[in-house]
Amino acid sequence: MKIFKVGLVGVTGYTGMELARLLASHPRMKLEMACSRTESGLRLGEFYPFLEGLPGSDVVISIFDAREAARRCDLVFLAVPHGKAMEMAGELLEAGTRVIDLSADFRLRDVDVYEDWYVPHTRRELLPEAVYGLPELYAAETARARLVANPGCYPSSAILGLYAAFKHGLISPDNIVIDSKSGTSGAGRKPVVPSLFCEVYDTFRAYGLGKHRHTPEIEQEYSRAAGCDVRVSFNPHLVPMVRGILSTIYTTLRKPGTTLDEVHAAYCETWAQSPWVRVLPKGKLPETRFVRGSMFCDLGLVVDPRTNRLIVVSAIDNLCRGASGQALANANLMCGLPVDCGLNAAPMLP
């Protein structure tokens, strides 16, 4: 039985931490290399005491070297900021290994759109081959890929939330409003004032309204699902919890009089073969605590006949389903393993 050796570049951030946690219990993958400029020379178990005594804890953190990573690893995860990942990915592919990029550098198919929202793209020649790594929609393409763009956390909740509605032609592509709330781990591990305990505890704030960089990613996948151009109003908020995303998505029904029974049946049919997407019973709404630390996306559905709206509530864990767990699911597919290998842990309660 082959054990796949993987590398992790950017091990010190929250997504790197979560990947290290998940890999410690993966039956078919071994963390072979962990990279960080600032913490090189430390044992991973020394840097992360929660990993001590577990697989991967004896890995010595090193400085990234593409050729060495390609020599030692079947696949490399890039948990580094956008702008940095693109060059690292290019170097790794040239050296002969496969890449899963957790940044935004390869998510947007249109390079002009990417550059409008992010930075100049220095590896645009790789964009046509990059696969958008949402397993429920692109598993076959991911299995054949050299380069996978791991979806963003907010887009994961939003895309899974409306895909069935677009597929069944239930909603208008116009006037979609996405109101998302995220735990503070989504802001990253960098010690900046807006993320300090006293700045986030006992308060609730909006940020990035009308200009959050996940907007074009959501629009790209909505447009693909709808078969036409879709523009959304995406409005993120920060709430005083560590992890989790709750997205409430407001849409307009195409056909007045559409019932909750019809919508619920369409969603259940769409996701019947996708065990990580849980369509809740009619009248139930999701909570972030019921998906904490897991790959589940829980969907609640409300039809408001007075306003002719379909309201979808989508809950995910931002670090697992919205980042590292999804990256590991993509790695499973790329290595020919079952997509859920090492990922079927129950949510963490209480």
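A: A salt bridge here is a side-chain nitrogen of Lys or Arg within 4 Å of a carboxyl oxygen of Asp or Glu. Keep in mind that this is a predicted model. With that rule, the count comes to 24 salt bridges.

Let's start with arginine 243 and glutamate 18, whose side chains meet in a salt bridge at 2.7 Å, N to O. Arginine 243 lies in the loop between strand 9 (232-238) and strand 10 (245-252), while glutamate 18 belongs to helix 1 (residues 14-23), so the pair ties together parts that are 225 residues apart in sequence. Both arginine 243 and glutamate 18 are buried.

Next up is lysine 2, which forms a salt bridge with aspartate 74; their closest N and O atoms are 3.8 Å apart. This pair also links distant parts of the chain, 72 residues apart: lysine 2 is in the segment before strand 1 (4-9), and aspartate 74 is in the loop between helix 3 (66-72) and strand 3 (75-78). Lysine 2 has a relative accessible area of 44%, so it counts as partly exposed. Aspartate 74 is partly exposed too, at 25% relative accessibility.

Then there's lysine 30, in a salt bridge with glutamate 32, with 3.6 Å between the closest N and O atoms. Lysine 30 is partly exposed at a relative accessible area of 44%, whereas glutamate 32 is buried at 15%. These two are part of a network of salt bridges that links Lys30, Glu32, Glu68, Arg71 and Arg72.

Technical notes:
Residues numbered from 1 in each chain as written. Predicted model: local features only at pLDDT ≥ 70, side-chain atom pairs only at ≥ 80, totals over all residues. Heavy atoms only, no water. Helix = DSSP H or I, 4+ residues; strand = E, 2+ residues; numbered from the N terminus. Buried < 20%, exposed > 50% of the residue type's maximum accessible area, 1.4 Å probe, protein only.
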